[in-house]
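Let's take a friendly walk through this structure together. Please have a look at the sequence and the model, and then read on.

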Amino acid sequence: LDVVLPDDAAAAETVVDGVDAPPGARVGETVDVSVRLRTTVAGDVTLRLLADGETVATEELQLEAGTTTIPFRVTADEPGFHVFRAVVEPTIDRFTENNAAEAYVLVTGEPRILLATDDAIRAADLADALTEARLEVDVVNSGGIPASLATLAGYEAVVLDNVSAAALGVAAMQSLQVYVRDLSKGLVMVGGRDSFAAGGY
């Protein structure tokens with residue numbers, strides 16, 4: 001058995017070991033992307049992070065042999081499915097096929113809130129506060145809560161501002177029960193003369 005040890009140049013190999021990113025984010029949020037680099041020898045490399053094919057960050061690095069994690073922070077500007085690709089360019093390398101890796105992030109729009117109220121003028125301040133918190137608010141009258149679960153599922157939360165049980169209706173109440181219990185969505189009831197027990201609940 002003959003054993004031959006290759007010299008450092010022949011053994012040099014740099015790999016993008018992986019790209020880690022959250023599976024989802026909201027528009028305007030910061031996405032933390034981590035790139036793991038593994039190399040057999042110390043050396044200089046150029047690391048590029050691409051979002052949907054466009055370079056969003058470039059790092060010039062001096063790596064030691066072993067594994068190094070490089071963090072990036074990218075703002076999610078547009079809704080949709082986005083591909084983050086890390087590409088490393090080492091000075092000495094054997095294989096280029098392992099010099100890139102990808103992560104995928106689904107960016108969704110602003111959370112939608114359904115606000116039902118018996119007085120749209122009085123509820124305007126509440127709607128404005130929710131909007132300033134970067135929520136998309138749809139305001140409907142007391143009887144405007146849809147009975148369709150499919151329609152309700154498009155909202156992250158429902159706010160009942162002084163809405164009586166009679167105005168809400170049995171079908172809508174049943175849908176709201178499933179909406180909260182099974183879909184883990186939010187339900188807020190704001191007090192008033194037609195809220196809680198006074199409203200017939």
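Leu 106 is partly exposed because its relative accessibility is 42%; buried means under 20% relative accessible area, exposed over 50%, and partly exposed in between, with a 1.4 Å probe and protein chains only. Leu 106 is found in strand S8, residues 100–108. Helices (H or I, at least four residues) and strands (E, at least two) are DSSP runs, numbered from the N terminus. Together with Phe 81 and Tyr 104, Leu 106 forms a nonpolar patch on the surface, with about 340 Å² of accessible area together. Patches are made of residues with over 30% relative accessible area and no salt bridge: like charges are joined within 9 Å, nonpolar side chains (Val, Leu, Ile, Met, Phe, Trp, Tyr) within 5 Å. Accessible areas come from the Shrake-Rupley method with a 1.4 Å probe, and for residues only the protein chains shown count as cover.

A word on the model itself: it is predicted, so local features need pLDDT of at least 70 and side-chain atom pairs count only at pLDDT 80 or more, while totals for chains, interfaces and linings use all residues. Residues are numbered from 1 along each chain as its sequence is written, and side-chain values use heavy atoms, with hydrogens and water left out.

Now turn to the open sheet, where 4 strands follow the order S10-S9-S11-S12 with parallel pairing. Two strands pair if DSSP finds at least two bridges between them. S10 and S12 (186–190) stand at the edges with a single partner strand each, so one side of each has no neighbour in the sheet. From one strand to the next, the twist averages 20°; axes are lines fitted to C-alpha atoms, for helices over the stretch in contact, and angles run from 0 to 180 degrees between N-to-C directions.

Strand S9 (residues 112–117) pairs with S10 (residues 136–141) in the parallel sense over 6 bridges, and Thr 117 stands opposite Asn 141 in S10.

What about charged side chains? A search of the whole structure finds 14 salt bridges, each a side-chain nitrogen of Lys or Arg within 4 Å of a carboxyl oxygen of Asp or Glu. One of them joins Arg 73 and Asp 32 at 2.9 Å, N to O. Arg 73 lies in strand S6 (residues 66–75) and Asp 32 in strand S3 (residues 30–39), so this pair ties together parts 41 residues apart in sequence. Arg 73 is exposed at 65% relative accessibility, whereas Asp 32 is partly exposed at 43%.

Another salt bridge brings together Lys 185 and Glu 156 (3.4 Å, N to O). Lys 185 sits in the loop between helix H5 (170–181) and S12, and Glu 156 in the loop between helix H3 (149–152) and S11, so parts 29 residues apart in sequence are tied together. Is Lys 185 buried or exposed? Its relative accessibility is 18%, so Lys 185 counts as buried, while Glu 156 is partly exposed at 32%. Arg 26 joins Glu 156 and Lys 185 in a network of salt bridges.
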